[in-house]
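Welcome, and please open your viewer. We will go from stop to stop, and at each one you will hear what to select and what is there.

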Amino acid sequence: MRRRLTAKLGAVKAAMLKPLTKDEKQENATALAALVAELGLLEANMDGPFVCGSQLTWSDLYYFAFCQRIVVLEALKATSLLDAGRYPRVCAWLHKLAAIPAFMNEAYPSDQM
């Protein structure tokens with residue numbers, strides 16, 4: 001079991017480190033542009049302390065998950081997309097959500113771990 005897991009992790013690492021083809025680079029650039037556009041829309045359209053105004057909604061959960069994926073991407077690729085200077089309201093909102101225990105329990109249910 002341990003050898004199979006090590007082999008799989010090695011294959012994943014090798015796939016992550018392999019050079020991208022021209023088409024893959026273009027696809028990544030297009031996806032990154034869409035991601036930055038979505039962050040810009042979120043920043044520009046925040047209606048209050050939460051995504052849809054003064055109360056926590058499912059939209060907050062959706063966008064929180066979206067932003068957490070960006071955090072993982074930043075760690076893997078050593079990039080900085082969620083810059084507090086560029087997206088101050090989004091970053092403040094993320095910190096606010098992380099401080100709400102009930103929200104974090106919904107975002108990361110303990111039975112899923």
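Start by selecting Cys67 and Cys91: the sulfur of Cys67 has its closest cysteine sulfur in Cys91, 8.1 Å away, which is too far for a bond. A disulfide is a pair of cysteine sulfur atoms within 2.5 Å, and by this rule the count comes to 0 disulfides.

Before moving on, a word about what you are viewing. This is a predicted model, in which local features need pLDDT of at least 70 and side-chain atom pairs count only at pLDDT 80 or more, while totals for chains, interfaces and linings use all residues. Residues are numbered from 1 along each chain as its sequence is written, and side-chain values use heavy atoms, with hydrogens and water left out.

Stay with the cysteines and show the surface. Is Cys67 buried or exposed? Cys67 is buried, with a relative accessible area of 0%. Now click on Cys52, which is partly exposed at 46%. Here buried means under 20% relative accessible area, exposed over 50%, and partly exposed in between (1.4 Å probe, protein chains only).

Next, zoom out and colour by secondary structure. The protein chain has 5 helices and 0 strands, in the order α-α-α-α-α along the sequence. Helices (H or I, at least four residues) and strands (E, at least two) are DSSP runs, numbered from the N terminus. Of the chain's 113 residues, 22% count as buried.

Select residues 22-45 to bring up helix 2. Its 24 residues should span 34 Å at 1.5 Å a residue, and its end C-alpha atoms are 35 Å apart, which agrees; the expected span is 1.5 Å times one less than the number of residues. Within helix 2, highlight Leu35, Leu39, Leu42 and Glu43, which are buried. The buried residues of helix 2 pack against helix 3 (58-77) and helix 4 (88-98).

Leaving out residues up to four places away in sequence, Glu43 touches Arg86, Tyr87, Pro88, Arg89 and Val90, where contact means heavy atoms within 4.5 Å.

For the last stop, show helix 3 and helix 4 together. They pack at an angle of about 105°, with their axes 11 Å apart. That makes helix 3 roughly perpendicular to helix 4, a label for angles of 65 to 115 degrees. Helix 3 brings Asp60, Tyr63, Phe64, Cys67 and Gln68 to the contact, and helix 4 brings Val90, Trp93, Leu94 and Leu97.

Conventions:
Axes fitted to C-alpha atoms, helices over the stretch in contact; angles between N-to-C directions. Parallel < 35°, antiparallel > 145°, perpendicular 65-115°, else oblique.
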